[in-house]
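Q: Hi, could you help me find my way around this protein? I am new to reading structures.

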Amino acid sequence: MSVFQFVTMGTKATYNIDTYAYSSMHGTLESIKIILLAGRINDAYALLRKYYDSAVINVYSNLYLKENFSIEKFIVEKINNWLQGNETLPAYRVMSQYIRASERLKPINDLLYGDDKYKRLRDRCNDHTHYNFYRYVMLNDNEIHVENRGQLLERFRRDAQDIFAFHLGYVFFLNDHYMMSSDYLDALECNVQPEENSQYWVAPFIQDIFNEVITPERPDITAAIKANCAMQLS
């Protein structure tokens, strides 16, 4: 809800299209939790791939709008047509290549694709989704004793966290104002002079996410965002 106030430029939408993209991703994560509680690790990986796809789609649509919106091109047809249900977005491979080729995103691309971590993660998701190995068939039977179930769940946790860091890293690199606290606008709405530089303050829950999840595992992503945005992220 904190991003709803920032209207998406380049489309005919009167709201921020990321609002519902994020609530949809939230729903996918809730579904993953329910499925894991039922002991269906294989199905959970199929949804994890969907979560990964959602992150790539969200990054692609934001990047494409930023690189194609202008006064002369006030409506970016490719994204607007997708919103209107008149055109599909490109295939995952095309969107991923577009993101990786962007000069705008080079600092964070260099970090995220410095090794093959995300390729291996994607391959794991595909292996589970397509039953590429018989052992993944068995992981959907919650009555079978799986000796290394704890290790598999830990692998899943790390994969989910890596996608989360991937998505948040791109989101705040492209739209650092999304992490803004409400103090500045709250003051204006109350007809009070905002505190100096309060428009650069970071929402407490965003800072908590970086302190607890992003920075401990990926301090390089935090550093890249801080080096390329005006927000006062610690």
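Predicted model: local features only at pLDDT ≥ 70, side-chain atom pairs only at ≥ 80, totals over all residues.

Q: Got it. How many residues are in the largest nonpolar core?
A: The largest nonpolar core has 59 residues. Leu48, Phe166, Tyr170 and Phe172 are the ones with the most contacts inside it.

Q: And which elements give two or more residues to this core?
A: Quite a list: helix H1 (17–37), helix H2 (41–68), helix H4 (92–100), helix H5 (106–112), helix H6 (117–129), helix H8 (149–174), H10 and helix H11 (219–228).

Q: Which of them gives the most?
A: That is H2, with 14 residues.

Q: Why would nonpolar side chains be found together?
A: In soluble globular proteins, nonpolar side chains tend to be buried together.

Q: New topic! How many salt bridges are there?
A: The count comes to 12 salt bridges. As background, side chains of opposite charge can pair when their charged atoms come close.

Q: Which residue does Lys117 meet in a salt bridge?
A: Its partner is Asp162, with 3.7 Å from N to O. Asp162 lies in helix H8 and Lys117 in helix H6, so this pair ties together parts that are 45 residues apart in sequence.

Q: Is Asp162 buried or exposed?
A: Asp162 is buried, because its relative accessible area is 10% and buried means under 20%. Lys117 is partly exposed, at 23% relative accessibility.

Q: What about Arg218, which residue does its side chain meet?
A: The side chain of Arg218 forms a salt bridge with Asp220, at 2.8 Å from N to O. Arg218 counts as buried, with 10% relative accessibility, while Asp220 is partly exposed at 27%.

Q: One more pair, please. Which residue does Arg120 meet?
A: Arg120 meets Asp116 in a salt bridge, 2.9 Å from N to O. Arg120 is partly exposed, with a relative accessible area of 39%, and Asp116 is partly exposed too, at 40%.

Q: Let's move to the surface. Which residues gather in a patch of negative charge?
A: The surface patch of negative charge is made up of Asp183, Asp186, Glu189 and Glu195.

Q: Where is Glu195 found?
A: Glu195 sits in the loop between helix H9 (183–189) and helix H10 (204–217). Glu195 is exposed, because its relative accessible area is 56% and exposed means over 50%.

Q: What is the phi of Asn191?
A: Asn191 has a positive phi of about 60 degrees, although it is not a glycine. For comparison, most residues other than glycine have a negative phi.

Q: And the phi of Asn197?
A: Asn197 is not a glycine either, and its phi is positive, about 65 degrees.

Q: How exposed is Asn191? And Asn197?
A: Asn191 counts as exposed, at 74% relative accessibility. Asn197 is partly exposed, with a relative accessible area of 35%.

Conventions:
Residues numbered from 1 in each chain as written. Heavy atoms only, no water. Patch = residues over 30% accessible without salt bridge, like charges linked within 9 Å, V, L, I, M, F, W, Y side chains within 5 Å. Areas by Shrake-Rupley, 256 points an atom, 1.4 Å probe, with all protein chains shown as cover. Salt bridge = Lys/Arg side-chain N within 4 Å of Asp/Glu carboxyl O. Lys, Arg positive; Asp, Glu negative; His and termini not counted. Charge placed at Lys NZ, Arg CZ, Asp CG, Glu CD. Helix = DSSP H or I, 4+ residues; strand = E, 2+ residues; numbered from the N terminus. Buried < 20%, exposed > 50% of the residue type's maximum accessible area, 1.4 Å probe, protein only. Core = buried A, V, L, I, M, F, W, Y, C linked by side-chain atoms within 4.5 Å.
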